[in-house]
Structures are given as C-alpha cells and as structure tokens.
Amino acid sequence: MSATTASTIIDAEEFDALLSVAGAYARDVARPLALDVDAGDEEAGRRAWSALCEIGLERSLLAAEAGGPGLPDGTLAPLAEAVATGDGGTALRLVLSNVALAGLATPPAEAARWAYVPAAGVRGLEDAPELRANALVGEARFALGAAGADGLVIACRDTKGPALAAVVRGTPGLRERPVDDQLGLRGAPAAVLSFDHATAIPLGGVDAAARAGALVHAGVAGIARGIARRAHEMAFAYAEERYQGGGPIIIHGAVRDMLARMAERELGVGRAPEPATAVDPAVALAQKAACTDAAVATTTDAVQVFGGMGYMRETGVEKLMRDARYCQLFPASNWATREALLQLQRTRRASSGHGT
Amino acid sequence: MGAATLTPLREAVPRLVDHPQLHGRDLRSLESFVLRTREFSRSAIRPRALELDRIADGDPGHFPWELAAEGAKLGLLNLITPRPSGGDADQFCLRAALVAEEIAAGCGGMATLFGAHALGLTPLLLAGPGQWDGVMKEVAASKDDERPLIMACAITEPSAGTDVEHHKLVRSAKLVSRAVRVDGGYRISGVKHFISNGNVARWTTVVMPEDPKRPYETTLAFLVPDDAPGFAVTKVEHKMGQRASPAAELTFDDVFVPDDHVLGRPGDGMAMVAGVLAGSRPVVGGIATGIARGAYERLLEWLQADPVAGGLLHHQQVQLALAQMYEAIHVSRQAYVDAATEFDSISLGKLMANVSTRLFGRMPAAVRTNAVAHRRLTGDQSRRLMIQLMQRSVGDRVLTQTLGMSSLAKARGGDTAVWVAGLALEIAGLDCGALRPELEKCLRDAKLCQIYEGTNQLNRLEVYEGLVAGLSMHVLDDAAAGMPGPDGHSGNGAMR
C-alpha cells in the first residue's frame, strides 16, 4: 500500500444526484435510527453503517486505481453535511472512513470499516504515536470513531515529521479500550488505542498527513453544517406550531431573533464551499472553526426555542447540541485550530516573501 | 493560583460586611454554614456526581436518598424554614443561594434537588403563619430520617410552560388544569410536567386556576400529598443533565384538597407565583454560578496537576480564557447575592418584620395549633390578611423590582454556566482523561439553567419591566383589592 492523491472528475449533475442519495439516506435511514444509535444500541449502529456502505458513501474517496470511485477531495464535506442532517456520528464515521481510505492504494476488504485517527493530544503532533521501523509506539487517548474499526490510518510522526501509517485489527501490539460517557457523536464511538510496537504500513509523509488533516477538518465542518441545518429546521417547525403567550412562539421577538440568527449563520459563515478538486488546508481549518462555532450557537439556541422539551432526550434536539460540541472539539479544540491556521498563514507568508 | 471560591465569604462578596441586616454574628454564622456545605459538597457529592448521573441515565426516576439524607442532617432541606416551624432561617434566599452555589460546584443536579425542595416550601412560607405548622414542621422534623420529607412545586403544564410564569403571558396561556370549588375544599384535575422531585415528593404545592380561560384572575395554590386518591406520577423524564434531581409528570384526577391545604384565594395565585419566583431565581443564579465554578475548578486542578496539560498554562490564550471565566463567575455571584439580599431584606424581609408576623412567631405552639385557631389561621380571612400584609409592606412596584433583580441573576448565571462549562471543555479538549466526562456533565447540567424557572428570554423581559422600564405588575394590589374568595364573596375586583 502507498498513498495516492489521484481522483476522478465528477460533473455537477452527477454530484447533485449523489447528494440526493446521501440526503435520502439521512432522512430515511440515519435519522430514524439516530436516537437509538445515540443511546448506544449497537445493532442500530450496524444497520446505519451497512446501509451507508450499500450506497458506497463510505469509500467515495478511495482512489480509482484501488478500485474505488476516486471522487475529488472537495466532495467529502458536502456529502458529510447531507448525512449529518440524519445523524452526526454516522456522518463522522463516513468522514473518517473516507480519509483513511483516501490514503490506501489497495482495496480494503468488502464491508471492512476503516477509520482515520488524527493527532488530537494536548500537544498535537508531539503527543502522536511514533513510527519506528514500520512499527508504531505510543497512544491515541481519545480516538473518536475508532472503536471496533477493522483498519486504522494513524496520524503519527517519524524522523522527518508528520506521517501516516496503517494498522489492521488484530495486529500484535495494538490494544483497544472503550471510552465511557461520550457526550456527542455517539454514532462514532471512541476508543483508547495503545501501540506497543504494533506493525504498521507507512502511507506517506508530510504531504499525505497534510491532505488527511485538511480532509478531516473540511469533513467536520461539513458535519457541523448538517447538524446546524437540522437544528434550525426543527426549531423553525416547532416555533410555528408551539403555542405560548397568545400564539405560536414565532410571534415572540426573542424566538424570532434566535431563528433569524440561525438563518444568518446557515447562509453566512456556515455556507458550504463549492466542491473543489482539492481541499486547501487553510480554508479547511477556517471552515472547521467557523462552522463548528456556528453549529454550537445554533444547536444551543434550538434547545432554547424548544424550552423544557428541548432538554429531554426524546425530542432529539439536545442530541444535536451535544453532537455540535464534539465537532467543536474534534480533531482539536477550536482555539488550537485557530492557532494552526495562524501558523499555516505565517508559513505561507514567509515562503511567499512576506513577513519574517 | 486562586480558585473562584468563597474563602472567606466576606472577601468574595465584600459588601456583605456592611449589610444592614447582617450583623457580625449573622455573617459568621452564614459563613460557617456555607463552609460546612462546601465540605459536604467536596467530600460527599462531587466524588459521586458522575456515578449518580450514570445511574439516572439508565433509571431516570432514581433518587439519591442517601445524599439527600446527609444533606438534610446538615440543614439543606430547611434552608427557608422559619424559626416558629422548627427551622433557623434568618437569611432565607441569601443562604439558600450561597449554599446552592456550593452544592452545584459538586453536582448541578444535587443543587436542583435541594433547590426544588425549597421551591415547594416557598408557597407555604409566603402563605403566612397559618401554613407554618403542619407540613413545614413535618419537613423540619424529618431531617434526621433515613428518607427525609421531600417537597416539590408544580406550575408548568404540557401545553403551558414559560408563559404561566409571567403575569401578562399567563392571561393567554393554554392551561388545561382546573380546580373546582366543592364543599369543604376543592377538586383539582390536570397534568403538570417537568416537576423536579415530583416522583418522590411527599407533598407537592400545585398551582391551578378555577377557570383555565382566566388563569390570572382565578389561580390559587394547593398542597397535595403523594397518597391523595387521584394523584399519580405518570412519567419521569429522561433529561440531558441535572439527572440527580428527577423531573416528573404528575397527573391529578379529581383530587380532593381540603380547605386547610388551600394556599390563598382565587386570584392570589399569581402573587404567589411571582413571590415564589422572586425567591427561587436567585437560587438558580447560585446553582448556575456553582456549575460554572465547578467546571472552572476542575479545569484548573487538571492544569495544575497534570504535567502534560500544565504546558497549556503557558499559552496566553489559555491564561486569558481562565481570567474571563473567573470574571464571569464573580459577576454572576454578585448578581445573585444582590437579588437574594433584596428579596430577604426588602420583599420577604418586610413581611417577616411585620408586627403581625412577629406576633405569630411568639405565639405558643399549643395556641397556634389549636383547632379553632388553626381554622382561623388557614381560613379565608387569614389568606386575605396575608395578601394585604404583602401589599402594604411590599407592594407591586417593589415586588416587580425584586423579580427583575432575581431574573437578572438567573439569566446572567445561566449564560455564565453554559459559557464557562463550554470554554473549560474547549481548553481541555477531548483528550483530557477523567476530566472530560466531568466537564461534559457540567455542560449538560448548565444548559438547564437557561431554561428552568422561565427561559432566560422571559427573565430578561422581567428585567426590562422591573428594572429598565420601572413598571409594576399588578398582582398584589389586585389580590388585596379582593378577588372572589372560596366562600363566594367578591371584592371590587379592580384590574389594571
């Protein structure tokens, strides 16, 4: 296996059709299962995943030469957004699977689930597992979406800097422990991964790692947009039908203001970029921070519009708030995301002859 | 590095030292009580908070009797019980709010458990001396029991939530519950939901109108025991957070309430609701401040103890975030202390200082509980007298202003709790080990503070009316003017 960045061209019409399929999956499969998946029902999680695999969305970025459709990187975020209107956790599985598969040159086994594990520690890459002589050493203390995966693509570091390496389930030296009390995106259960000289296949260095990083940031931004869209839609519908204080609550200024701000975020900062062939890492970082902050604001207000009902598990609105929070924190907190954006901007300025 | 705690109280809230109603001894006593509660919260509540949360996630009706009993021994179920009833409350709202912060720093749900109990008792306190024996004494007497007596207060309904807690919006609220006057009392029917402690309360104070289409004019309150025929707990909610305090749906199917368990007269209910909320919202401000403090303290402990995480303290962004958290917690605390002292010294304080009230306090219990005296003290004339006392000593303008202050404390605190808990989680990130589920719980608990006791939006309308526009709601004056009583007499019924 080796890293590849090849991708096929997809025209707008084809992509719209694919988005419709993803939207239908979200509406008809992911959404009806979402509360069960959130409650930890493993069978519901399996059904959501296998239906996603049936329409091939889990491998849309797998390169053509590896037997996949090889869609452009820029298609991942819109697809994630569509699926996240059904369930954010399932959408994260889709993102992590595609980021992992995008780095593989040979086809994975049918129905195998792969997950990308970003460097998410307090100190970023410094905390990431180390790749030494095709073996990984270290730990991923909160690998979201990695629990039960058949294969893992790990963001790690080698002697030259950031790198990617693949590890398959059952490899000696790989140990997985479940994580309890996951606040959000529970459709992508987290695990603690320990690597004690676990045999790993190098997938590439700095460029491969940068591509994976950009993809996951763009993907999480897409998920956040999908979650926020769903929260906005639910709050709007509820505000039209819930009667309080002399009429539907949409007549009250406080509710109108919250709904208007949701629309402002959705049509402003939260708007999806046009699907492009590649994903610019800086744009992806900016989108990740802006869209996830917007999603937290929108989902928190959506719970507020629902009032006491919004705080109860049965309405599903509080789940959107919890899911949005995890988007804000994954793969790293937004303050660290902004710091990474600044570093990237400084590097670019320096290399273009500006700045110091 | 300093934690945003209250050590000592006079440093955290310096103006309490010069407060006219807090003499040196009172302040020392208050400080000592707060410190005892802090110790209880740190040693008994915080270590069990996550476990309780997990248990209640699987069994939403679970009630932590063991911790409630320990708290009762400390006095946490008698925070507002006046001396004639066997309590020792001098600063009612202030003490309850300060204590709420301490408990909430350990677990937001536990703070709501004790707060909701006080909410259930407040209508009895406001109903006047006629209600200070009976149930209030039962509560005080149960403090050493394995299962102490728990109270709840039922206001909201499935079709009417925030609007029933506002004196204007209630006029158009879609209430379904109804009280029907019968010989010797009332028969009440309806469904109340989101009632904290509702599934375990021995007594619930229930607010219902005689005419659901005219709730403002006809609402009154009732005291209902859990074994009343027709009363049932029909659901326990599965909440996002604050799970240590269960929230239940209660159904009243033609439940008979005798006259001596009727609080107020038709139309007095809104005055009662306004008084209860003016006293309970600063406590919610305390709970919210405590949740925020709990998140901040947990984060700080982790940053200081974990060698890897400690590196974060070198980032100026993290230093500024910690400073902003400290600042928000401090401001929220001052807001609820202001609201609570105003309630104690201006609203309730004036009522408690009234000659008639003080005379009752000195009346021997044997006289007070005599059957004839009791009937008089809980009868219609006595109910009218209490409203008149409140009208004369407090008045609509003062009550509106107090409600505005209490709403300010509640809204500010709720926003602080959500913001601080979210920021703490953002600084720590997902990869922070055992700290993560604790901070996540703080965030889940915090969100309720923006919703219960009226949404923050409704509370800010109260701030506008009471503090910005200087308006007066007309709940006391109208009630004192003489709404139709249970005996069918009606006064002039002047409405504005």
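## Salt-bridge tour

Start by selecting A:Asp323: with 0% relative accessibility, this residue is buried (buried is under 20% relative accessible area, exposed over 50%, partly exposed in between, using a 1.4 Å probe and protein chains only). Helices (H or I, at least four residues) and strands (E, at least two) are DSSP runs, numbered from the N terminus.

A word on the model: it is predicted, so local features need pLDDT of at least 70 and side-chain atom pairs pLDDT 80 or more, while totals for chains, interfaces and linings use all residues. Residues count from 1 along each chain as its sequence is written, chains are lettered from A and ligands numbered from 1 in the order written, and side-chain values use heavy atoms, without hydrogens or water.

Next, hop to B:Arg187 and B:Asp254, a salt bridge with closest N and O atoms 3.9 Å apart. This pair ties strand β3 (residues 185-196) to strand β7 (residues 247-258) of chain B, parts 67 residues apart in sequence. B:Arg187 is partly exposed at 31%, and B:Asp254 is partly exposed at 40%.

Last stop: select A:Asp38, A:Arg313, A:Glu318, A:Arg322, B:Asp53, B:Asp57, B:Arg243 and B:Arg444, which are linked in a salt-bridge network. How many salt bridges does the structure hold over all chains? There are 54.

Notes: Salt bridge = Lys/Arg side-chain N within 4 Å of Asp/Glu carboxyl O.
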